[in-house]
Amino acid sequence: RAVTINALADPDHPEHAKTARRMAACGHGASFFIDSDKEQVRPWISRCGHRLCPFCSNARSASTSADLIELMVEHQAKRMIILTLRSHDLPLHDQVKQLLYCFKKLRARTTWKNHITGGVYVLEITRNPESGLWHPHLHILVRGSYYPHAELSKQWRSITGDSNVVWLTAVKDIEGAAAELAKYIGKPQRVADLPPAQIREYATATKSVRMVQTFGDLHNRGPRDEDQTEEPPRNTERVRLSTLLHIARSGHNEAIILLTWLCRRYKVFGRYVFHEAPQLVPDPGGYDRAQAALAMLRGEPAPRYSFAEDELTEEQIDHKICQAFMCYKAQLEQGTFGNVHWYHPTETENIDGYIRR
């Protein structure tokens with residue numbers, strides 16, 4: 001992630017500066033949104049939603065996989081096609097544009113329409129480390145009748161002019177094939193292995209390009225591929241994890257109790273808190289906590305902490321969180337925490353997709 005951000009933040013290429021800033025802000029400032037009346041608790045982390053971000057591309061791959069599996073099973077797409085272009089040294093932007101244009105022309109041909117009713121494609125882009133040449137290609141799941149390989153190869157060559165290598169096979173496991181397609185959507189994180197100039201070229205070539213798209217009788221039914229940022233809730237009250245941790249370190253019991261219940265409910269945040277302040281996280285044996293504290297004093301990475309399964313249900317813990325939050329809020333309003341102004345109803349906050357620092 002750092003390599004990608006640094007490549008995009010190069011001052012000699014200001015056209016990528018906005019993307020670099022957006023990606024650098026990704027994941028900053030975890031919060032918990034608490035609705036005490038409904039006893040509902042929701043964690044939230046600001047995400048950039050950019051396809052080059054490894055965190056967001058992983059999340060996108062997971063959500064797209066579920067959508068694709070449901071759609072493809074319903075559609076009964078039982079054939080897989082891979083279309084490629086002959087490798088050459090044209091800029092990646094031109095290669096991607098040419099590949100998508102050629103596939104559009106192929107779909108317009110009578111022979112294609114006679115065999116294929118619709119489907120979904122995913123654009124994958126690789127680069128040969130030895131030749132340095134880009135290799136964009138399409139993975140396509142389709143529904144239709146048997147399409148002779150020789151005929152498809154002939155049609156593809158007549159459109160591209162020099163490429164006749166196509167791959168076509170029957171799909172026995174539709175769910176597995178859809179999951180495989182979705183995996184390619186999460187691959188952009190691998191651009192970090194490229195030199196900075198190629199990272200910028202990849203970013204330019206894929207800007208505003210759909211990496212996954214449905215067509216034919218599935219047109220407009222596919223998963224969304226636009227860069228997206230998730231909006232936080234606006235009708236509940238927010239507790240910032242960083243500020244809560246700061247107040248808890250100061251020894252305020254209300255903060256410690258609330259933080260403890262939140263860590264029990266959301267163990268991924270519990271591991272972070274344990275790493276930052278191992279004395280705050282309950283540990284029946286005490287050994288893991290002591291080892292973590294010792295490691296931090298030595299400047300070593302804290303050992304992984306194994307959280308046991310909780311005996312309470314999620315609803316019961318949410319109830320505890322809301323009770324602790326009300327006590328915490330009361331102390332805040334009384335000025336117990338001094339000049340720490342961290343709490344605001346979301347109706348009065350100026351939230352534009354990112355957590356305000």
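The buried residues of helix 4 (residues 92–108) are Leu 92, Gln 95, Val 96, Leu 99, Cys 102, Phe 103 and Leu 106, where buried denotes under 20% relative accessible area, exposed over 50% and partly exposed the range in between, with a 1.4 Å probe and protein chains only. These residues cover an arc of only 130 degrees around the axis and therefore lie on the same side of helix 4, the arc being that of the directions from the helix axis to the C-beta atoms. On the face turned away from this buried side are the exposed residues Lys 97, Tyr 101, Lys 104 and Ala 108. The 17 residues of helix 4 should span 24 Å at 1.5 Å a residue, in agreement with the 25 Å between its end C-alpha atoms; the expected span is 1.5 Å times one less than the number of residues.

The model is predicted, with local features requiring pLDDT of at least 70 and side-chain atom pairs counted only at pLDDT 80 or more, whereas totals for chains, interfaces and linings use all residues. Residues are numbered from 1 along each chain as its sequence is written, and side-chain values use heavy atoms, with hydrogens and water left out.

The chain has 13 helices and eight strands, taken as DSSP runs numbered from the N terminus (helices H or I, at least four residues; strands E, at least two). Of its 357 residues, 46% count as buried. Among contacts (heavy atoms within 4.5 Å) between residues at least 6 apart in sequence, 71% join residues at least 24 apart.

The largest nonpolar core comprises 43 residues, and Phe 103, Trp 112 and Ile 140 have the most contacts inside it. Such a core is a set of buried Ala, Val, Leu, Ile, Met, Phe, Trp, Tyr and Cys residues joined through side-chain atoms within 4.5 Å. Helix 4 gives the most to this core, with six residues. Beyond its neighbours within four places in sequence, Trp 112 is in contact with Ile 81, Phe 103, Leu 106, Arg 107, Val 142, Tyr 147, Leu 152 and Phe 215.

Helix 13 (residues 314–333) has 20 residues and reaches 28 Å from its first C-alpha to its last, close to the expected 28 Å. Its buried residues include Ile 317, Asp 318, Ile 321, Cys 322, Phe 325 and Lys 329. Their cover includes strand 1 (31–35), strand 2 (40–44), strand 8 (237–240), helix 9 (241–249) and helix 10 (253–265). Just after helix 13, Gly 335 takes a positive phi of about 80 degrees. Cys 322 has a relative accessible area of 4%, and Cys 102 in helix 4 is likewise buried, at 4% relative accessibility. The structure holds zero disulfides, defined as pairs of cysteine sulfur atoms within 2.5 Å.

Arg 200, in helix 8 (residues 196–206), is buried, with a relative accessible area of 11%. Leaving aside neighbours within four places in sequence, Arg 200 contacts Ala 7, Leu 8, Asp 10, His 13 and His 16. His 16 lies in the loop between helix 1 (2–8) and helix 2 (17–24) and counts as buried, at 7% relative accessibility. With the same exclusion of sequence neighbours, the contacts of His 16 are Leu 8, Arg 200, Ala 203 and Thr 204.
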